[in-house]
Amino acid sequence: MMNFLVKTIANAGALAVAVWLLDKITLTGDSTGKKVGTLLLVALLFGLVNFLVKPIVKLLSLPLLILTLGLFTLVVNALMLLLTSWLADKLDLSFHVEGFWTAVIGGLIISIVSWALNVVLPDKD
């Protein structure tokens with residue numbers, strides 16, 4: 001359970017950095033508390049998308065992953081971020097990613113920051 005909590009907090013931190021760095025990834029809210037709550041819910045949603053959908057997409061795109069020596073992973077990450085944005089809109093969460101190239105850069109930022117936070121934070125169950 002602790003590992004799940006740490007990974008969710010790392011995802012929320014990575015999403016916050018992406019929102020802070022990129023103008024076309026928006027998170028709106030009336031107060032800081034609402035923004036933090038929305039960010040945690042989006043992080044849970046992002047983790048769920050990465051857990052359920054990403055392995056299927058990676059398996060189906062395996063030839064492209066091999067052909068591009070893994071660079072197609074950036075596209076897969078962007079698609080997962082766009083799917084998270086779409087689901088957040090359907091769930092009435094105030095998180096939006098505008099455009100594919102923003103999602104590519106955002107996915108790269110989220111991957112790097114999430115990796116760094118997972119290295120620093122403990123991951124014991």
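Is L69 buried or exposed? Select L69 and you'll find it exposed, with a relative accessible area of 78% (exposed is over 50%, buried under 20%, partly exposed in between, with a 1.4 Å probe and protein chains only). L69 sits in the loop between α4 (62-67) and α5, and has a positive phi of about 55° without being a glycine.

A word on the model: it is predicted, with local features needing pLDDT of at least 70 and side-chain atom pairs pLDDT 80 or more, while totals for chains, interfaces and linings use all residues. Numbering starts from 1 along each chain as its sequence is written, and side-chain values use heavy atoms, leaving out hydrogens and water.

Next, jump to D92, in the loop between α5 and β2 (95-97). D92 isn't a glycine either, yet has a positive phi of about 60°. D92 is exposed too, at 72% relative accessible area.

Now colour α5 (residues 72-90) and α6 (residues 100-120): they pack at about 100°, axes 8 Å apart. That makes the pair roughly perpendicular (65 to 115 degrees). Show side chains where they meet: L74, V75 and N77 are among those from α5, and F100, A103 and V104 among those from α6.

Last stop, the largest pocket, with a volume of about 400 Å³. Of its 21 lining residues, K7, N11, F46, G47 and N50 lie nearest the centre (lining means an atom within 4 Å of a pocket grid point). Highlight α2 (32-52): this helix gives the most to the lining, seven residues.

How values were computed:
Axes are lines fitted to C-alpha atoms, for helices over the stretch in contact, and angles run from 0 to 180 degrees between N-to-C directions. Helices (H or I, at least four residues) and strands (E, at least two) are DSSP runs, numbered from the N terminus. Angles under 35 degrees count as roughly parallel, over 145 as roughly antiparallel, 65 to 115 as roughly perpendicular and the rest as oblique. Contact means heavy atoms within 4.5 Å. On a 1 Å grid over the protein atoms alone, a cavity is a set of points where a 1.4 Å probe fits but cannot get out, and a pocket is an open set with protein on both sides within 12 Å along at least five of seven lines; lining residues have an atom within 4 Å of a point. Grid points are joined across faces, edges and corners, and a volume is the space filled by probe spheres set on the points.
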